[in-house]
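Hi there,

Here is the structure I promised to pass on to you. Have a look at it first, and then read on for what turned up in it.

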Amino acid sequence: MKIVSEPPRLILCAALWSLVGHPEPEREWSLGQKLDAIKTAGFDGVAEMFRPELAPHLQRLNLSICGRVFSRDGREVEQLLEIEASGGAKYINCMLGEHDTPPSAAVKMIVRTIDAARRLGLSAHIESHRDTCTETPEKLTEIARLYRGETGELLPVTWDHSHPAVMKHMLPEDFSRRLLVDVELIQSSRMFHCRPFGSQHCQVPVTNGKGELTPEFKDYLKFAEDLFTVWLEGPKPRGNLWVCPEMGTTVGYNVSTNPPVWPDTIRCREELIGAWNRAKNRVAV
């Protein structure tokens, strides 16, 4: 009897970071209002560090959670992972180390984190992110090499391509050529952070505030389609891909002249679904 695998599915999670200070700082929505808005916008879940007050809203709205762990030295990762497991997460995005953490030290921390996650039935992915052990593309490549040498496995990566793109000031015509070189690592991942970026800023506006897509976002969308295509071309069965259009309102990500972040995040979700469907057509899924 031939077993037919399920087609790959895109699981889209919103970040509560996209709703900080929304709709206005002096009348910011409550947690319940934010999660209601996430559900209404069509998201499947949230990408967030679990905390108990989230639980009743996630259950009420039937929203999944994609967890998050942040640790500079890895000492508390087991306790942090236990918190994520208690919240029902399966996939955990891990931000580990600092910008100057040596790759050898980073690998020890990563191995310990991934092993601890597996003991809890979790899948930990290491994010490519500024001010962590994976800050530069070169460090990520070296960490992946050392990790494979020690474990015989591919490094599970949460891909956020905005950081290396800006760090290298890549032009849009070079996004796919230079950012999609780690094909095996991309295809083995189950987590992407799809924040729209440009060559000089790791978060560009999706719209002009009047419903029209910006030229910068259109450039990014071409890359997103290529990214999804590479992932879909990976070994079968593909399973699910968890994606967060992680657009933030704080720490300099959102330029003050940009339109409000949350409506742009909703539009980003819609456009990413379009890019996913076009990629599926390209791969004939």
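Phe-197 and Tyr-220 are both buried. In this predicted model, the two rings form an edge-to-face aromatic pair, with 5.2 Å from centre to centre and 75° between the planes. That pair links distant parts of the chain: Phe-197 is in the loop between β7 (191-193) and α9, while Tyr-220 is in helix α9, 23 residues apart.

Ring pairs link Phe-175, Phe-197, Phe-217, Tyr-220 and Phe-223 into a cluster, and the structure holds 11 aromatic pairs. Take Phe-175 and Phe-223: their ring centres are 6.4 Å apart and their planes meet at 80°, so this pair is edge-to-face. Here too distant parts of the chain are linked, with Phe-175 in helix α7 (residues 175-179) and Phe-223 in helix α9 (residues 215-232), 48 residues apart. Both of these Phe residues are buried.

Rings also turn up beside charges. Arg-238 lies over the face of Trp-231, 4.5 Å from the ring centre, and the charged end of Lys-90 sits over the ring of Tyr-91, 5.4 Å from its centre.

Now for the charged pairs. Side chains of opposite charge can pair when their charged atoms come close. The count comes to 19 salt bridges. One of them joins Arg-282 and Glu-225, whose closest N and O atoms are 3.1 Å apart. Arg-282 lies in helix α10 and Glu-225 in helix α9, so this pair ties together parts that are 57 residues apart in sequence. Glu-225 is buried, at 15% relative accessibility, whereas Arg-282 is partly exposed, at 47%. Salt bridges that share partners join Glu-225, Asp-226, Arg-278 and Arg-282 into one network.

Another salt bridge brings together the side chains of Glu-28 and Lys-34, at 2.5 Å from N to O. Glu-28 is partly exposed, with a relative accessible area of 35%, but Lys-34 is buried, with 10%.

Finally, what does a buried Arg do without a salt bridge? Arg-269, in helix α10 (residues 261-283), is such a case: the nearest side chain of opposite charge, Glu-270, is 5.1 Å away. Polar atoms of the Arg-269 side chain do lie 3.1 Å from the backbone oxygen of Gly-42 and 3.4 Å from that of Ala-41. Leaving aside residues up to four places away in sequence, Arg-269 touches Leu-12, Ala-41, Gly-42 and Phe-43.

Enjoy exploring!

Best wishes

Definitions and conventions. Residues numbered from 1 in each chain as written. Predicted model: local features only at pLDDT ≥ 70, side-chain atom pairs only at ≥ 80, totals over all residues. Heavy atoms only, no water. Helix = DSSP H or I, 4+ residues; strand = E, 2+ residues; numbered from the N terminus. Buried < 20%, exposed > 50% of the residue type's maximum accessible area, 1.4 Å probe, protein only. Lys, Arg positive; Asp, Glu negative; His and termini not counted. Salt bridge = Lys/Arg side-chain N within 4 Å of Asp/Glu carboxyl O. Polar contact = N/O pair within 3.5 Å; in protein donor to acceptor, adjacent residues only side chain to side chain. Contact = heavy atoms within 4.5 Å. Phe/Tyr/Trp six-rings, centres within 6.5 Å; stacked < 30°, edge-to-face > 60°. Lys NZ or Arg CZ within 6 Å of the ring centre and 35° of its normal.
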